[in-house]
Amino acid sequence: MTAVEDRSAVNRLPAMSVIVATERFETVRALIRCLRAQTVREQLEVIIAAPSVQILAADPAELEGFSRVQIVEVGPFKAMATPRTAGVRRATAPIVAITESHAFPVPQWAEALIAAHRGPWAVVGPTMRNADPAGIISWANLFLDYGPWVEHAGGEVADVPGHNSAYKREILLSCGPELEDMMRIETILHWTLRRQGHRFCVEPRAVTYHTNVS
């Protein structure tokens, strides 16, 4: 496993690392554009975990403007937990946000998550909205996967959206070698953190538009 850093990165600690797992850059191009539109883009470390730099085929011009960028080579993978965990372990920011290729944050998303993490929360989740609201199947899928957090008003919660929330990195790393297994089903990870006494909240300004099976 190796990592390649963007040499144009600013030499200061980023406020949040955003983990993007993919096989090819084309799959996450729309997400990267959303990250470039963030109000605190210069405070973000973007970590793309992929089989290899060659397979990823990233466009360097689309990765400019961030605090720093890392491409973490993980080799072939079957489960998304593998590259995401590798990204967490390579992150340099105190907060790590997990993302999906088909979930698109609004420009204030990162700023809101960073601000919320100044509170006592181990994990901060977004409020979820429908990126393709025209069809009933899309709505059904959204509510099956993310119903408790659709248009959530914010506040302390018992759980947060899987694959789309931001964690204090040191808390994830405290899970040790079991972290990857826990991240295969993030509900299990959340149950474990809750048993340890950690607290969760939803930040309503951190809106994420989710594209659903339709």
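View 1. T99 sits in the loop that links strand 5 (95–98) to strand 6 (103–105); strands are DSSP runs of E with at least two residues, helices are runs of H or I with at least four, and both are numbered from the N terminus. The model is predicted, so local features need pLDDT of at least 70 and side-chain atom pairs pLDDT 80 or more, while totals for chains, interfaces and linings use all residues. Residues are numbered from 1 along each chain as its sequence is written, and side-chain values use heavy atoms, without hydrogens and water. T99 is buried, at 6% relative accessibility (buried is under 20% relative accessible area, exposed over 50%, partly exposed in between; 1.4 Å probe, protein chains only). The T99 side chain comes to 2.7 Å from the backbone oxygen of I19. Contacts of T99 (heavy atoms within 4.5 Å) include V18, L31, W109 and H163, leaving aside residues up to four places away in sequence.

**View 2. R29 and its two partners.** R29 and E26 form a salt bridge at 2.0 Å between the closest N and O atoms (a Lys or Arg side-chain nitrogen within 4 Å of an Asp or Glu carboxyl oxygen). The two lie three residues apart in helix 1 (residues 25–36), about one helical turn. R29 is buried at 17%, whereas E26 is exposed at 56%. R29 also has a salt bridge with E62, 2.7 Å from N to O. E62 belongs to the loop between helix 2 (53–56) and strand 4 (68–73), so this pair ties together parts 33 residues apart in sequence.

**View 3. R184 and E180.** The closest N and O atoms of this salt bridge are 3.3 Å apart. R184 and E180 are four residues apart in helix 7 (residues 179–184).

Notes: A polar contact is a pair of N or O atoms within 3.5 Å; within protein, one must be able to donate a hydrogen and the other to accept it, and residues adjacent in sequence count only if both atoms are side-chain atoms.
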